[in-house]
Every structure is written in C-alpha cells, then in structure tokens.
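Here's a quick briefing to read alongside the model.

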Amino acid sequence: MGLLDGLRVLDLTMWRPGPYATQLLAQLGADVIKVEPPRGEPMRMFRSHFDVLNRHKRSMVLDLKSEDGLARCLELAEGAEVFVEGFRPGVADRLGVGYGALRELNPALVYCSISGYGADGPLSDVPGHDINYRAYASALPPDAVSPEADELPVADMAAATMAAFAITAACLKARATGAGDRIDLGMADVLAHWVGTVPEATQRSGAGPVPGYGVYPTKDGQKITLGVVSEDRLWKAACHALGIGEHADVPFIERLSRIGELDGAVTAAVAKLTRAEAVELLTAAGAPVAPVLSHAEMLGLDHFRRRAVQEEGPVRTTVHPPLAEGPVAEPDEHRGQTWRSRTA
C-alpha cells in the first residue's frame, strides 16, 4: 500500500506538467485514470518520454465533445476525489467539465487546473511554453540563449511538483470537512514565487557569487561544480585539495572582496586536473564537489540506481514505499472500468 492508496484521480492532462503531477500521485499509490482524446494523447508520438510520465495509470479514450463521452467523464468525476486538467483557461468550461459543473456534481472534489499564467490576470489568455514562463518570471539569466532539446523544463516540472503538493493538501482538508476546492496553478506563478525568494544581482563578475562556488572546466574538456559558500572549513578543504593552500585561511568577509582573484585561483587549479582527478581529490578532502554529468552518465550513476530514483520516483518512504516501475497503458486499454475499491 502506498501513501496515497485509495485516492481517486481523474487526469485530463497532456504533455508534461499535468502528467508528471499525476505520475507523482500514482507512484505513491493513487488510482489514476487518464482520459485521452479520441486519437490518444499527442505525446504518445514521443513514446520514451510519454512512458516515464504515465506509469501506473489506466487509460480511457473519451470524446468530451460527444454526449456519451462527456457523460462517462462526468460519471467518473462523481466518484473521484481529484480532477486535474491542463487546458487553456475557459476550455474546460466549454467542454462541460469546468469547476462549476463538477462542484455541483461532487462538492468534495479537489479540482486542479494547471496553465501557463493561471486562470485570470492580464496574461491568462496568452499561449506559451516553458521558456516563456521562465522569461516572464525572471528565471532566465541576462545572457540566456536558446535552449537545447535536452534542457530541463524548469517551469513544467516545478509546476507539476507544486500541483502534487497542493492536491494532497487540499485532499486532507476535503476528507476532514467534506468540502473540496479549486486549485488554480500557473506555471509562471511558481517560478515567480521562487525567484522572489532570491536576492537580485547588482553586478555580474563572470565568477560565482563567492570564490569556490560555480562551474569549473577541467583539462580533459569536462566540468566540475564546487559549492563553497561561507563555510571556512569547506573553503580550506577545497584550497588544500587543489594545491592553493596559501589562500586557505582567508576569512569569508575578505573572500567576498577578492572574488575575482580567489575564484581565478580555483579555476586555474581545477584546469590542471581531469574531471575524475578533481572529484577524487576534492571529495577526499571533504569539499562539496560534483561532476557535471551527461544524461547517460546520470542514468548510470550508482547512487541514483541504488535509490531506484527512475523506477520508484524521488520520494523515499519507509512504512508505505512508492510503487516500483510499472506498466504504461495503451490508449483506451481500460475502457468500461471504474474506480478501484478502496482498501482500509
């Protein structure tokens, strides 16, 4: 039994944010029924990506523009605890599955809408994708360039994680009071809130915010990261490991006034080492170092493999463990089924 065993989630989302949110719920045991349009979710064209976002879900193909399809969706919503949709604002209402209609049908329903800029506000009707939300939220650096295909879609994943959190919080209240809620989650809102917790940069030095905090090239064309901030012990460890012990006793306040000089010393020292050498030396000294890994290297890393991150998700629990890697439903594989019986 997972943490969310018995939670009934009706998922009308497509592409990435909504499916990842409901995947997180499914991984923890929620009963997720994925409603797909007549030809299946378009992201099925990218099967390898689709599969990692849609494990442990059942699939039903419903045409919400047809009388029978809408009736079946409403029947499922009546028995659900959670309804998640990722349409542009106003589309769910036009299809007959908006918050108002479903609230009358099921007052305890937690209804979550995930959109780019939220359900209202001056930008609510503006189309967009991850890079647009990052731009509006000041989550792109001033020297930003066009992303590569493998760049992490920060807005998508942040919003999905926030949605899963908000859904579980709302379900706790709904189970206690019998009153559901409507979650209006804008992807740009999440990033704007995150960015608002970070102080604005007043100048850019070309180095990290403090010496020893940043990305450093190695002599074999790879890169490492160092994570020294104000901790004197970590600064000392990095300096001794890199052979620049003459800087080891410089206190933090002084390091701030000598960023260019001291970070330059770190950069030059790292450049004399291969990535493996740098990681080995710095790790042995107790410095906060990590190699910059490729996608393939990350997937093969023993640490993540031992923790079964790809198979069981990012949440580790002891008493009610997440579900292991499971099957991905084919379109409409579960036609005619309904919600599973709840267990005690």
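**Helix 7 and the rest of the fold**

Let's start with helix 7: its 24 residues should span 34 Å at 1.5 Å a residue, and its end C-alpha atoms do sit 34 Å apart, so the two agree. Keep in mind that this is a predicted model. Overall, the protein has 15 helices and nine strands, and its C-alpha trace spans about 75 × 45 × 40 Å along the principal axes.

**More on helix 7**

- The buried residues of helix 7 are Ala155, Asp156, Ala158, Ala159, Ala160, Ala163, Ala164, Ala166, Ile167, Ala170, Cys171 and Ala174.
- Their cover includes helix 1, strand 4, strand 5, helix 6 (130-136), strand 6 and helix 8.

**The nonpolar cores**

- The largest nonpolar core has 40 residues, and the ones touching the most other members are Val9, Val82, Ile114, Ile167 and Ile183.
- Two or more residues of this core come from each of helix 1 (17-27), helix 2 (47-53), strand 4 (82-85), strand 5 (110-115), helix 7 (154-177), strand 6 (181-186) and helix 8 (187-195).
- Helix 7 is the top contributor to this core, giving 11 residues.
- Zooming in on Ile114 and skipping its neighbours within four places in sequence, you'll find contacts with Pro17, Gly18, Ala21, Val84, Glu85, Gly86, Phe87, Ala163, Leu185 and Met187.
- There's also a second, separate core of 25 residues, with Trp235, Ala238, Ala241 and Val266 among them.

**Helix 9**

- Helix 9 covers residues 232-242, and its buried residues are Leu234, Trp235, Ala237, Ala238, Cys239, Ala241 and Leu242.
- Those buried residues pack against strand 8 (223-227), helix 10 (252-257), helix 11 (259-270) and helix 12 (275-285).
- Gly243 follows helix 9 and has a positive phi, near 75°.

**Arg72, a buried charge**

- Arg72 sits in helix 3, which runs over residues 67-78.
- Its relative accessibility is 17%, so Arg72 counts as buried, given that the cut-off is under 20%.
- Leaving out residues up to four places away in sequence, Arg72 touches Met60, Leu62, Gly336, Gln337 and Thr338.
- Leu62 is 10 residues from Arg72 along the chain, and their C-alpha atoms are 7.7 Å apart.

- Ala308 isn't a glycine, yet its phi is positive, near 55°.
- You'll find Ala308 in the loop between helix 14 (302-306) and helix 15 (309-312).
- Ala308 counts as buried because its relative accessibility is 14%.
- Asp332 is another residue other than glycine with a positive phi, near 65°, and it lies in the segment after helix 15.

**Whole-protein numbers**

- Of the 344 residues in the protein, 42% are buried.
- Among contacts with a separation of 6 or more, 71% join residues 24 or more positions apart.
- The accessible surface comes to about 18500 Å², and 56% of that belongs to carbon and sulfur atoms.

Terms used
Residues numbered from 1 in each chain as written. Predicted model: local features only at pLDDT ≥ 70, side-chain atom pairs only at ≥ 80, totals over all residues. Heavy atoms only, no water. Helix = DSSP H or I, 4+ residues; strand = E, 2+ residues; numbered from the N terminus. Buried < 20%, exposed > 50% of the residue type's maximum accessible area, 1.4 Å probe, protein only. Contact = heavy atoms within 4.5 Å. Areas by Shrake-Rupley, 256 points an atom, 1.4 Å probe, with all protein chains shown as cover. Core = buried A, V, L, I, M, F, W, Y, C linked by side-chain atoms within 4.5 Å. Expected span 1.5 Å × (residues − 1).
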